[in-house]
Amino acid sequence: MENAENIKKAGPAASVDATGTTSPAPAGTDILQNDPESIKFRRDSNTLVILGIGVIMFAFWSIIKLLMQLLLNIKIFPEDLEKEYGPFIILISMVILVIIMAVDVLIRLFVGLRACRDGRGVKVSKAYLIFNVLLIMGSLVSVFFVLQSIESAEGDFIDNYIGLLMELSSLFVSVEVLLAGISVRRYRRRMKEGRK
């Protein structure tokens, strides 16, 4: 009867040896509980790893898209814009575009890798969630411009809709990363406070 009371105090994963001494639950075994909150935590952790890989894939998609446009000589800027401002301004605009895309790729790699580590239980800074908000804002702006392009019938029809699909997918993944990341961190904070 006394052992039963000791086990109850030590936790559900506690054990009793041959001498009747109660051993507390090993660190981290509370995560293996099957209450709804723990199940949600495990699901969000797995989701965070998968979504992190998705963010990394979108980073590579940005690089591939730019390389395809350059290699296939696809016009990035409208011809009338080139005639109006001249090749020098277009060249500067191209350099700025490449810099913006490089920053976008670096942010996506940072967010994706940190999300994977956070989902696996490795301690990381919450800075990746802040940068993820920047990705969400960037995706919203991109969706707006693509919709404007579709509405004004500018550019290739198929190209515009593929671009819209990719931007909406990127937006969805980034929002899910933010929600899963916040959920996982809240659970860990509650567990940490519960041990004090």
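These questions and answers explain some labels used for this predicted model.

Reader: Why is Ser38 called buried?
Author: Buried means under 20% relative accessible area. Ser38 has 1% relative accessibility, so Ser38 counts as buried. Ser38 sits in helix α2, residues 36-71.

Reader: What makes the link between Ser38 and Tyr187 a polar contact?
Author: The N or O atoms of such a pair must lie within 3.5 Å. The side chains of Ser38 and Tyr187 are joined at 3.0 Å. That value is within the cut-off, so the name polar contact applies.

Reader: How many aromatic pairs does the structure hold?
Author: The structure holds three.

Reader: Why is the pair of Phe110 and Phe131 called edge-to-face?
Author: Ring centres must lie within 6.5 Å to pair, and planes over 60 degrees apart count as edge-to-face. Here the centres are 5.3 Å apart and the planes stand at 75°, so Phe110 and Phe131 are an edge-to-face pair. The pair links distant parts of the chain, 21 residues apart: Phe110 in helix α3 and Phe131 in helix α4.

Reader: Why is Phe145 called exposed, but Phe144 partly exposed?
Author: Exposed means over 50%. Phe145 has 53%, so Phe145 counts as exposed. Phe144 has 48%, so Phe144 is partly exposed.

Terms used. Residues are numbered from 1 along each chain as its sequence is written. This is a predicted model: local features need pLDDT of at least 70, side-chain atom pairs count only at pLDDT 80 or more; totals for chains, interfaces and linings use all residues. Side-chain values use heavy atoms; hydrogens and water are left out. Helices (H or I, at least four residues) and strands (E, at least two) are DSSP runs, numbered from the N terminus. Buried means under 20% relative accessible area, exposed over 50%, partly exposed in between (1.4 Å probe, protein chains only). A polar contact is a pair of N or O atoms within 3.5 Å; within protein, one must be able to donate a hydrogen and the other to accept it, and residues adjacent in sequence count only if both atoms are side-chain atoms. Rings of Phe, Tyr and Trp (its six-membered ring) pair if their centres lie within 6.5 Å; planes under 30 degrees apart count as stacked, over 60 as edge-to-face and the rest as tilted.
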